[in-house]
Number of protein chains: 2
Amino acid sequence: MSDRVIEFFFDVGSPYTYLAATQVTAIEARTGVRVRHRPFLLGGVFKATGNTPPAQVASRGRWMVQDLGRWAAKYGVPFAIASRFPLNTLATQRVLAAAERTGGEAAVRALALPLFRAFWVEDRDVSSPAVLVEVANACGLDGTMLVESANAPETKELLRASTEEAVARGAFGAPSFFVGDQLFFGNDRIGHLEDLLASH
Amino acid sequence: MSDRVIEFFFDVGSPYTYLAATQVTAIEARTGVRVRHRPFLLGGVFKATGNTPPAQVASRGRWMVQDLGRWAAKYGVPFAIASRFPLNTLATQRVLAAAERTGGEAAVRALALPLFRAFWVEDRDVSSPAVLVEVANACGLDGTMLVESANAPETKELLRASTEEAVARGAFGAPSFFVGDQLFFGNDRIGHLEDLLASH
């Protein structure tokens with residue numbers, strides 16, 4: 001089906017979503033299906049669904065640190081627990097929504113992995129306007145324009161609408177992948193997603 | 001290492017643990033490492049750690065039904081959401097502890113998958129003494145003796161001690177696999193567990 005697409009709802013503040021983001025190119029290569037990057041606000045998803053961050057349970061948080069390291073090793077990607085985690089990513093996700101509104105999905109895609117890397121590899125404060133401008137500029141985008149556009153009512157509305165759409169379609173956490181009406185929750189369900197695509 | 005063992009902490013009331021239980025023989029065949037079945041009480045783990053059942057979030061519960069079906073299809077095992085889920089498995093897990101106390105791990109192992117199947121395939125009430133007696137008898141165990149032994153103080157203490165041990169070692173849910181001090185949480189981390197065993 002030529003209209004097939006994998007929608008990837010992501011928030012830079014989620015470590016498992018960083019891991020998933022590092023796999024996008026490989027997923028597209030294996031499946032031949034395009035991944036569409038869709039920024040949303042994970043905090044808004046938790047609020048709307050009554051879900052809670054998994055690391056809120058102390059022993060689960062300790063296990064997650066090991067588990068994330070195992071995935072990073074398996075993928076062969078760098079990873080370090082961000083010193084600012086959990087971070088309020090409202091400013092970050094709004095800049096991504098501004099990229100979406102002004103430059104379409106190509107701009108979101110250009111910016112997403114560099115922002116994930118800035119947070120989960122370089123331990124930078126990706127909610128800071130100065131960092132956002134610098135990372136966006138390094139991607140060939142107009143960082144100053146994006147940070148300004150992040151506060152436009154249309155940008156706020158876009159991020160809110162994307163978040164509400166994901167929740168309405170069944171999302172309760174991140175990463176959330178959709179193929180049509182099928183939800184695949186978590187970096188660890190990329191295999192199931194590819195099984196579905198291979199079966200059609 | 002000849003003393004290597006995979007400890008499998010399980011509760012019959014957990015659907016992902018049923019899926020993991022169907023894979024025990026295959027895990028042993030692939031790794032050459034023995035799996036030791038250790039009944040514990042998932043409700044006690046939740047209480048001790050402050051964790052909550054994942055299906056308590058409504059949209060997560062809906063997704064889980066799909067996700068469990070995908071895993072069952074991948075494994076080629078039958079599965080149906082039990083009409084009594086979530087079930088209070090105290091009686092069930094005490095019978096398994098009675099099997100452990102009176103017949104050792106071999107008796108637990110004989111009983112575990114049949115009890116999982118009775119609940120997650122045949123939709124039977126595995127907390128009922130009559131069902132417990134029947135399933136145990138069908139495994140070649142003395143069902144009446146096990147149901148009586150389930151209420152002995154020593155059995156209650158064994159189940160409590162196993163649950164507390166798992167929590168002390170870092171468990172917060174089920175299934176919980178341990179290789180020494182390494183915890184692998186979830187049916188979906190069997191791959192990581194095998195990676196660890198293969199690396200030594």
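Biologist: In this predicted model, where is A:Asp123 found?

Modeller: A:Asp123 sits in the loop between helix 5 (90-120) and helix 6 (129-138) of chain A. The model is a predicted one, and the values I quote are computed from it.

Biologist: What is phi of A:Asp123 near?

Modeller: Phi of A:Asp123 is near 55°, which is a positive value in a residue other than glycine. As a rule, most residues other than glycine have a negative phi.

Biologist: Staying with the backbone of chain B, which residues does a cis peptide bond join?

Modeller: One cis peptide bond joins B:Phe85 and B:Pro86, with omega about 0°, and B:Pro86 is found in the loop between helix 4 and helix 5 of chain B. Another cis peptide bond joins B:Ala174 and B:Pro175, where omega is also about 0°. In that case B:Pro175 belongs to the loop between helix 8 (153-168) and strand 3 of chain B. For background, most peptide bonds are trans.

Biologist: On to the sheets, then. In what order do the strands of the chain B sheet stand?

Modeller: The 4 strands of chain B form an open sheet in the order 2-1-3-4, and the pairing is mixed. Strand 2 (34-39) and strand 4 (182-185) of chain B stand at the edges with a single partner strand each, so one side of each has no neighbour in the sheet. From one strand to the next, the twist averages 25°.

Biologist: How many bridges join strand 3 of chain B to strand 4 of chain B?

Modeller: There are 4 bridges between strand 3 (residues 176-179) of chain B and strand 4 of chain B, and these two strands run antiparallel. Within that pairing, B:Ser176 has B:Phe185 of strand 4 as its bridge partner.

Biologist: Which strands of chain B does helix 5 lie across?

Modeller: Helix 5 (residues 90-120) of chain B lies across strand 1 (5-10) and strand 2 of chain B, and it runs at about 105° to strand 2 of chain B.

Biologist: What order does the sheet in chain A have?

Modeller: Chain A has an open sheet of 4 strands in the order 2-1-3-4, with mixed pairing. Its edge strands are strand 2 and strand 4 (182-185) of chain A, each pairing on one side only. On average, and with direction ignored, neighbouring strands of this sheet are turned by 25° against each other.

Biologist: In what sense do strand 1 and strand 2 of chain A pair, parallel or antiparallel?

Modeller: Strand 1 (residues 5-10) of chain A pairs with strand 2 of chain A in the parallel sense, over 6 bridges. As an example from this pairing, A:Phe9 has A:Arg38 of strand 2 as its bridge partner. Helix 9 of chain A packs on the sheet and touches strand 1, strand 3 (176-179) and strand 4 of chain A, with a direction that makes about 5° with that of strand 3 of chain A.

Biologist: Is A:Pro39 buried or exposed?

Modeller: A:Pro39, whose place is in strand 2 (residues 34-39) of chain A, is buried, with a relative accessible area of 1%.

Biologist: What does A:Pro39 touch?

Modeller: Leaving aside residues up to four places away in sequence, A:Pro39 touches several residues, among them A:Phe10, A:Gln93, A:Leu96, A:Val108 and A:Leu159. A:Pro39 and A:Phe8 are 31 residues apart in sequence and 8.1 Å apart in space, taken C-alpha to C-alpha.

Biologist: Changing topic, how many disulfides are there over all chains?

Modeller: A search of the whole structure finds 0 disulfides. As for Cys139, A:Cys139 is partly exposed at a relative accessible area of 25%, and B:Cys139 is partly exposed at 22%.

Biologist: Last one: which residues lie nearest the centre of the second largest pocket?

Modeller: Of the 21 residues that line the second largest pocket, A:Trp71, A:Asp188, A:Gly191, B:Trp71 and B:Asp188 lie nearest its centre. The elements giving two or more residues to this lining are helix 4 (58-75) and helix 9 (190-198) of chain A, together with helix 4 (58-75) and helix 9 (190-198) of chain B. The space in the second largest pocket is about 450 Å³.

Methods:
Residues are numbered from 1 along each chain as its sequence is written. Chains are lettered from A and ligands numbered from 1 in the order in which they are written. This is a predicted model: local features need pLDDT of at least 70, side-chain atom pairs count only at pLDDT 80 or more; totals for chains, interfaces and linings use all residues. Side-chain values use heavy atoms; hydrogens and water are left out. Two strands pair if DSSP finds at least two bridges between them. Axes are lines fitted to C-alpha atoms, for helices over the stretch in contact, and angles run from 0 to 180 degrees between N-to-C directions. Contact means heavy atoms within 4.5 Å. A disulfide is a pair of cysteine sulfur atoms within 2.5 Å. Buried means under 20% relative accessible area, exposed over 50%, partly exposed in between (1.4 Å probe, protein chains only). On a 1 Å grid over the protein atoms alone, a cavity is a set of points where a 1.4 Å probe fits but cannot get out, and a pocket is an open set with protein on both sides within 12 Å along at least five of seven lines; lining residues have an atom within 4 Å of a point. Grid points are joined across faces, edges and corners, and a volume is the space filled by probe spheres set on the points.
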